[in-house]
Amino acid sequence: MFESLLNALPVALQFESLISLFLGTLIGILIGALPGLNPVMAIALMLPLTYGFDPIIALGLVAGIYNGSMYGGSIPAILLNIPGTPAAIATTFDGYPMTRKGEGGLALKTACWSSAIGGIVSALALMTLAPMLAKVTLAFGPAEYFWVAVFGLVSIALLVGKDASKGMLCALLGVIIGLVGVDTISGAERFTFDTLYLVGGFELLVVLIGLYAVPPVLEMAEKRNESYFNAESFRVSPGGGALGLLRRHWRTWSRSSLIGVAVGILPGAGGNLAALLSYNEAKRKSSEPESFGTGNPVGIAAAESGNSADNAAAMIPSLTLGIPGNLIAALVLGALMIHGLQPGPQLFTRAPDVVFGFMWQMLLTAMLLLLLGGMVATRLFAQVLRMPSALLVPTTLVLMAVGVYTVNGNVMDLYVMLGFGLLGYLLNRLGFPLAPVVLGVLLGPMAEQNFRLTMLIAQNDWTVLFTRPISLGIVALLAAVLLSQLWKTLRQRVRSAAHSEQR
């Protein structure tokens, strides 16, 4: 295997391959930075154009767009509180507050380095552990996926925000929104109110932009006569170089990258779950958990390294078993088939240069982020903050409208976006966290579908949920999160009672 890796390195370093990596990464950063556009759309449009190219050139474009978009999504998340991609949800928690404090430059630099580190770790895992980690994927059945979804949903609802009850209510609201549409098991329509638009459910990107992008725009409009951003204190090149970031965040990067790799090998989980779980774990391990959500760079480091570590790891089941880990992995399989290569275990012996060359490309594009992201994108996109709010508000609204309309070409999506925007604005005003709502939309249907599949396979024997070793391990982690939250609540009540008695 290592001999094949070494032989594939010159293939990945060909001039044409390097050009495709450079262009792909640049396109990926731009795609991620524009809300509404996504890497799946970009790669799907690119693949037909590469039909006459060498497979390694086509895969280089895919690798560049994939890794570049993960960092690109953090740019509007940090500067405008708009997640450029669904995986950038957790980046908004601390990225946007840092921008409001005049630390947008540091936030962008932290996001760039974190994305690069996560991508490098993920690519190394793909290179060295692919066959072994693929077996882990096979060990997960519907019961395990059900518990993974429940664990993600409950942990986010409890740990994000100051009030656990509000978090759980928002998670429940997200689950209800996610259940709108056709039931995937029975084919019955749910909550559609005989409306054709709702048959397919709510588009995730429309919900995401509505909840996260519209509320800050409304806040900007409210303060149109004030200086919304302190542009003079915005530091594009903040103090503290690479060594400083490494010294501060190496533990967070290591932990979050491992979480991202673990989530990546599970088909269908996605970078958004990896980022949120990494963020939660960083908050749980922190000595100052109350600082998260107020502009703590550790939150950005955890979220960005977690979602980027999902990238190459999602290719592990795709390349070794032919099982796509996500939509982009499915497009990679399509790219291989377009060029006459059949995905699966035989691919490693029939076309080792292509497979291992693609692994090198995932590693090289992660490294390219430090050049293109740190030296070009940060300086370029940061200038958006120097726009007066009178221009920033309509410009942001236009970008959102164009991005949402390009998803399906449906004007109704714009009204739905505004509706969710008003909902998000109301929840913000009432102190309800938005992250559990989005996670409920993502994980609610996943939990329900896998629970019902488990019941069908086990003939309604619910004990099967607690008999498999992996399921028991996830249940134990879930119980630990719940007990730690209960203990934290009890301690706060005791302290409050003691403080009241002293008064």
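Author: A residue is called buried under 20% relative accessible area, exposed over 50% and partly exposed in between (1.4 Å probe, protein chains only). The model is predicted, so local features need pLDDT of at least 70 and side-chain atom pairs count only at pLDDT 80 or more, while totals for chains, interfaces and linings use all residues. Residues are numbered from 1 along each chain as its sequence is written, and side-chain values use heavy atoms, with hydrogens and water left out.

Reader: Are Tyr 279 and Phe 292 buried or exposed?

Author: Tyr 279 and Phe 292 form an edge-to-face pair, because their ring centres are 5.6 Å apart and their planes stand at 80°. Rings of Phe, Tyr and Trp (its six-membered ring) pair if their centres lie within 6.5 Å; planes under 30 degrees apart count as stacked, over 60 as edge-to-face and the rest as tilted. Both residues, Tyr 279 and Phe 292, are buried.

Reader: How many aromatic pairs does a search of the whole structure find?

Author: Ring pairs link Phe 146, Trp 147, Phe 451, Trp 462 and Phe 466 into a cluster. For the whole structure, the number of aromatic pairs found is 7.

Reader: What is the relative accessible area of Val 180?

Author: Val 180 touches Arg 190, Phe 191, Leu 198, Gly 201 and Phe 202, leaving aside residues up to four places away in sequence; contact means heavy atoms within 4.5 Å. Val 180 and Phe 191 are 11 residues apart in sequence, yet 5.3 Å apart in space, C-alpha to C-alpha. Val 180 is buried, and its relative accessible area is 13%.
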